[in-house]
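Hi there,

Here is the structure I promised to pass on. Have a look at it first, then read my notes below.

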Amino acid sequence: MAIQQRAERTRQEILSAAARVFDGLGYERASLARIAGEARVTTGALVFHFATKADLATAVRGRARAVTRTTVESACLSTEGVGGTAIDKLVLTTHALIRLFETDHAARAGERLARELDAAGPAPSGECPWRREVARLARYAAAEQALRPGVDATAVAALIGYVITGVELEMRSPSTTDDDETWPPAGTGAILGPAEERLRRIWELILPGLVHPATRRPRPTTAPTVKAFSPAMFPAPTTFPPTATPKTSAPAAPSAQEPGATP
């Protein structure tokens, strides 16, 4: 039993090392020797678990699909029972994906390997979980009549796919050049800032063109950093009864909790 547990730990360490190498170098430049060195095992030990680089790539993509599937399912379930619409779930799912890509080498490696390996042939039978979920939510948004007339759910899914892939690719661009100049340079059309901020600004631009005016309401363009959601996170538009407008408005007193508040 101890030998089996040690062998499984070694296998998982090799997988993690392979994800880091594939993520950083891509499939062609990665080598079994480089991956073995990253995992701190001999090449013979690596080949015992994974005979070829193709086997390693398949295993890394399998891990990427598993973690991605869990992420998108959790993002959708987080709004169940609190009035989350398909549009809300689309927004939150994309932010959850970007956070995953920022922190998980296997998820990023899966995206890079898919681009590099699938370009030469048909996509593998295991469909990309996040693209499948985005397409499903786009269809649900159409069924809820939340999309503008004439907006096609398939086109919405494709657009969001391009956005996610674009933001993920920009994560790989260096934030500065050798001369410490800002990258990407100003005027290139790229959005500067953290990945989630880029995504939030993109959603602010595209949501008005997607959502039916009759169903518009304040929506989160970013995901809260808490696991539990409450109805307060999806507030309805506030209306006020007609009242006389005062000529002047006194400034609000500082809160007692604010630094420098005057008692």
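Let's start with the cysteines. Cys-76 is buried at 5% relative accessibility, where buried means under 20% relative accessible area, exposed over 50% and partly exposed in between (1.4 Å probe, protein chains only). Cys-128 is partly exposed, at 22%. The disulfide count is zero, a disulfide being a pair of cysteine sulfur atoms within 2.5 Å.

Before you go on: this is a predicted model, so local features need pLDDT of at least 70 and side-chain atom pairs count only at pLDDT 80 or more, while totals for chains, interfaces and linings use all residues. Residues are numbered from 1 along each chain as its sequence is written, and side-chain values use heavy atoms, with hydrogens and water left out.

Now the rings. There is one aromatic pair (rings of Phe, Tyr and Trp, the last by its six-membered ring, with centres within 6.5 Å; planes under 30 degrees apart are stacked, over 60 edge-to-face, the rest tilted). That pair is Phe-22 with Tyr-27, stacked at 5.9 Å centre to centre and 15° between the planes. Phe-22 is buried at 0% relative accessible area, and Tyr-27 is buried too, at 13%.

Tyr-27 also has the charged end of Lys-53 over its ring, 4.4 Å from the centre. For this, NZ of Lys or CZ of Arg must be within 6 Å of the ring centre and within 35 degrees of the ring normal. Arg-136 lies over the face of Tyr-140 in this way, 5.1 Å from the ring centre.

Enjoy exploring!
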